[in-house]
Amino acid sequence: MNKLILFFGLFLAFTASGYSQKFALIDMEYILKNISSYETANQQLEAISKKWQTEVETSQQEVQNMYKTYQSEIVFLSADQKTKREAEIVEKEKAVQELKRKYFGPEGEVFKRREALIKPIQDDIYNAVKEISDTKGYQLVLDRASASSVIFASPRIDISNEVLSKLGYSK
């Protein structure tokens with residue numbers, strides 16, 4: 001009877017260990033910081049974004065100047081001239097809003113450039129993590145940088161350096 005209980009206990013222990021799940025962590029900020037092409041892409045995005053932001057701000061300043069000029073000359077203008085100037089100001093404001101949307105909107109140029117420059121890097125990281133997970137049997141890989149609910153995680157389960165070496169960046 002004792003042997004049967006011992007055998008059943010061992011069977012349960014082996015069965016439970018077979019169902020254990022393996023977890024790993026990555027630190028996406030750390031990984032991205034060590035990928036030079038990501039830094040280059042970010043710098044390109046920042047440069048073009050600043051250029052476009054300057055263009056938008058210049059256009060906004062033009063609208064403000066038009067409005068100030070209109071305010072200072074309003075007493076000298078006829079009703080037709082007032083209407084014409086107001087229409088010009090409104091038209092210019094619409095053009096500025098359209099320019100903002102074109103560059104910085106949800107489907108704007110910045111978004112498209114980010115997709116073109118950053119998405120391939122993120123896809124490479126995802127594929128490397130997936131390959132490591134498949135090889136080592138991880139059922140779950142969390143990103144330490146974005147998982148604010150992770151209070152503590154052992155550095156032993158951090159596979160960030162493995163991901164970097166899989167991508168060809170030795171650390």
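1. D143 is buried, at a relative accessible area of 18%. Buried means under 20% (1.4 Å probe, protein chains only). D143 sits in strand β2, residues 140-143. Strands here are DSSP E runs of at least two residues, and helices are H or I runs of at least four, numbered from the N terminus.

2. This is a predicted model: local features need pLDDT of at least 70, side-chain atom pairs count only at pLDDT 80 or more, and totals for chains, interfaces and linings use all residues. Residues are numbered from 1 along each chain as its sequence is written, and side-chain values use heavy atoms, with hydrogens and water left out.

3. What does D143 touch? Its contacts (heavy atoms within 4.5 Å) are I26, D27 and M28, not counting residues up to four places away in sequence. A polar atom of the D143 side chain lies 3.0 Å from the backbone nitrogen of M28.

4. Helix α3 covers residues 36-73. Its 38 residues should span 56 Å at 1.5 Å a residue, and the end C-alpha atoms are 55 Å apart, which agrees. The expected span is 1.5 Å times one less than the number of residues.

5. Buried residues of α3 include Y38, L45, W52 and Y70. The buried residues of α3 pack against α2 (28-33), α4 (79-104), α5 (109-117) and α6 (119-136).

6. How do α3 and α4 pack? The angle is about 165 degrees, and the axes are 10 Å apart. Therefore α3 is roughly antiparallel to α4, a term for angles over 145 degrees. Axes are lines fitted to C-alpha atoms over the stretch in contact, and angles run from 0 to 180 degrees between N-to-C directions.

Notes: Buried < 20%, exposed > 50% of the residue type's maximum accessible area, 1.4 Å probe, protein only. Polar contact = N/O pair within 3.5 Å; in protein donor to acceptor, adjacent residues only side chain to side chain. Parallel < 35°, antiparallel > 145°, perpendicular 65-115°, else oblique.
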